[in-house]
Amino acid sequence: MSSMKGSKMIQRTPIDIMPDAQGKVRDLYDLGDKLLLVATDNISAFDFILPDTIPYKGQVLTQLSVFWFELLDGVVENHLISTDVADLPEQFKPYSDYLRGRFMLVKKAEMFPVECIVRGYLAGSGLKEYEAQGTVCGIHLPDGLVNSSKLPQAIFTPSTKAEIGGHDENISFERCAEMIGEDDAQELSRLSLAVYNTAADYARERGIIIADTKFEFGRLDGKIILGDEVLTPDSSRFWPADLYEPGKSQPSFDKQFVRDWLSANWDKQGEPPHLPADVIERTSEKYVQAYKLITGKSL
């Protein structure tokens, strides 16, 4: 997340309290010994925050993260304290109706300066590197893989964290170790793979392939804990298992409708255009559908 000091605040919620930091889709309030994370309905694409919102998106990101935090509690500790509006600080109580279902009170941890990406399938920037060099983040992979191939085993491929408007940069494990230390890099790799494999097995039984995902970890009281959002359509590629077919790009439970429309209607110069109503509606439906399939519950 980016500090608001010296930058323009993005007006996007009914909360009249300035956040201490903003991400592309979330606001962060520093409460001293803990943090309040608020997921907005904003959506980003191609490193731009779009002028339209996606209904229910903030609730999906929050409530799906909470579901995973609870499911994965035996794999790794996390930063979640509460999602109950009764636990909101007094200054946020007037906004309870808006905040319900889209906020998390979390422990304040010292976050590592790397994104912990795990890839179980070949897609995105990993596919581009593989086609050019036969590697992903310097990891050699078998010959003959194609777009969306399942990898022999999931791989840990970290990246840097970019400011808003910037691009994350894929890095090797060795570079990650230089940045945070060998022991911590090894532990982040171990935890990331353990979380991914547990979640991927669970989701597969419910008809969703988690092709890849990214985690953020921090240190609290000497322990490494899982933070930020986790295993959502914003931080992962979710593919419908019944339609999976290697050799081509897969349909997905995320903002692909938005990316496709922007690619066809915008040159990615200047401010992004408004989205058509049908693109907004279909994107919202995909987010809600992913939540229902994974959790078995209605939003």
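**Close-up 1. Helices α4 and α5.** In this predicted model, the axes of helix α4 (residues 173–180) and helix α5 (residues 182–205) come within 7 Å and cross at roughly 125°, where axes are lines fitted to C-alpha atoms, for helices over the stretch in contact, and angles run from 0 to 180 degrees between N-to-C directions. Helices here are DSSP runs of H or I with at least four residues, numbered from the N terminus. The two helices α4 and α5 are therefore oblique to each other (angles under 35 degrees count as roughly parallel, over 145 as roughly antiparallel, 65 to 115 as roughly perpendicular and the rest as oblique).

**Close-up 2. The contact of α4 with α5.** On the α4 side, Phe 173, Cys 176, Ala 177 and Ile 180 take part, and they meet Glu 182, Asp 184, Ala 185, Gln 186, Leu 188 and Ser 189 of α5, contact meaning heavy atoms within 4.5 Å.

**Close-up 3. Helices α1 and α7.** Helix α1 (residues 57–71) packs with helix α7 (residues 277–295) at an angle of about 20°, and their axes lie 9 Å apart. Helices α1 and α7 are therefore roughly parallel to each other. Their contact joins Lys 57, Val 60, Leu 61, Gln 63, Leu 64, Phe 67 and Trp 68 of α1 to Tyr 287, Val 288, Tyr 291, Ile 294 and Thr 295 of α7.

**Notes to the views.** Residues are numbered from 1 along each chain as its sequence is written, and side-chain values use heavy atoms, with hydrogens and water left out. Because the model is predicted, local features need pLDDT of at least 70 and side-chain atom pairs count only at pLDDT 80 or more, whereas totals for chains, interfaces and linings use all residues.
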